[in-house]
Amino acid sequence: MSEEQSVRQDEENTPRASGGVSIGAMTGGAVAAGPGARAEDRSQRAGAPDPLPDVNGPAVPAPANGGVSIGVMAGGAVAAGKDATAVDASVRLGASGRELLAAIDELRGHLPMFTRVEGNGVAEVEQELAAVGTALEQTGTAPRTRLERLRDLLRSSTTVVSGLASALAVVQAIEQFLH
């Protein structure tokens with residue numbers, strides 16, 4: 001083996017320093033750095049995105065040797081190192097989804113005031129509120145037909161809860177969410 005070939009082989013076997021990843025603001029997604037690292041974004045977002053965080057200030061320097069540095073992180077997943085894995089599987093609601101969940105929670109808090117009697121609609125409203133709330137929390141959205149059914153139940157004079165201000169708030173929040 002010649003001296004030149006020997007030097008080349010040594011260079012190939014010598015670990016090389018690599019640059020890192022520098023992110024000013026991260027609000028979601030996934031980042032992985034390092035040999036064999038993987039990043040996967042499975043997140044679900046509904047509605048308009050939240051405003052970006054304020055990142056005024058000095059730039060975030062890129063770390064050496066494949067690391068990750070982040071100035072402001074409000075969501076997502078990060079992994080650094082050999083064979084590292086970052087998976088963002090979060091569910092985040094936009095403003096209209098958060099408003100709908102808040103309105104649902106408020107109305108659910110008022111339901112214990114009513115007796116469940118056949119035909120007064122309380123049990124139906126309770127069931128629909130639970131289904132819509134769970135869907136929003138788990139997936140970031142709810143089936144349109146379910147939202148419309150809840151809206152129609154709360155608008156109907158056949159349910160004793162339809163006269164509550166919190167029921168009207170849910171109706172209005174559903175309208176905002178659907179548009």
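Me: What should I know about the values before we start?
Reply: In this predicted model, local features need pLDDT of at least 70 and side-chain atom pairs count only at pLDDT 80 or more, while totals for chains, interfaces and linings use all residues. Residues are numbered from 1 along each chain as its sequence is written, and side-chain values use heavy atoms, with hydrogens and water left out.

Me: What makes the 27 residues a nonpolar core?
Reply: The term stands for buried Ala, Val, Leu, Ile, Met, Phe, Trp, Tyr and Cys residues joined through side-chain atoms within 4.5 Å, where buried means under 20% relative accessible area (1.4 Å probe, protein chains only). The largest such set here has 27 residues, and those with the most contacts inside it include Leu100, Leu136 and Leu147. Two or more residues each come from α2 (95-110), α3 (122-139), α4 (144-155) and α5 (165-178), helices being DSSP runs of H or I with at least four residues, numbered from the N terminus. Of these, α5 gives the most, with seven residues.

Me: Which residues does Leu147 touch?
Reply: Leaving aside residues up to four places away in sequence, Leu147 touches Leu100, Val132, Ala142, Ile174, Phe177 and Leu178. A contact means heavy atoms within 4.5 Å.

Me: Why is α2 called roughly antiparallel to α5?
Reply: Their axes cross at roughly 160 degrees and come within 9 Å. Angles over 145 degrees count as roughly antiparallel, so α2 gets that label against α5. Axes are lines fitted to C-alpha atoms over the stretch in contact, with angles from 0 to 180 degrees between N-to-C directions. Among the contact residues are Leu100 and Leu107 of α2 and Val170 and Ile174 of α5. By class, this contact has 10 nonpolar, five polar and two charged residues.

Me: How do α2 and α3 pack?
Reply: Their angle is about 145 degrees and their axes are 10 Å apart. The contact includes Leu100 and Ile104 of α2 together with Leu129 and Leu136 of α3.

Me: How do you know that Asp83 is exposed?
Reply: Exposed means over 50% relative accessible area, and Asp83 has 51%, so Asp83 is exposed. Asp83 is found in the loop between β4 (68-80) and β5 (85-88), where strands are DSSP runs of E with at least two residues.

Me: What is the phi of Asp83?
Reply: Phi of Asp83 is near 55 degrees, a positive value in a residue other than glycine.

Key: Parallel < 35°, antiparallel > 145°, perpendicular 65-115°, else oblique. Nonpolar A, V, L, I, M, F, W, Y, C, P; charged D, E, K, R; others polar.
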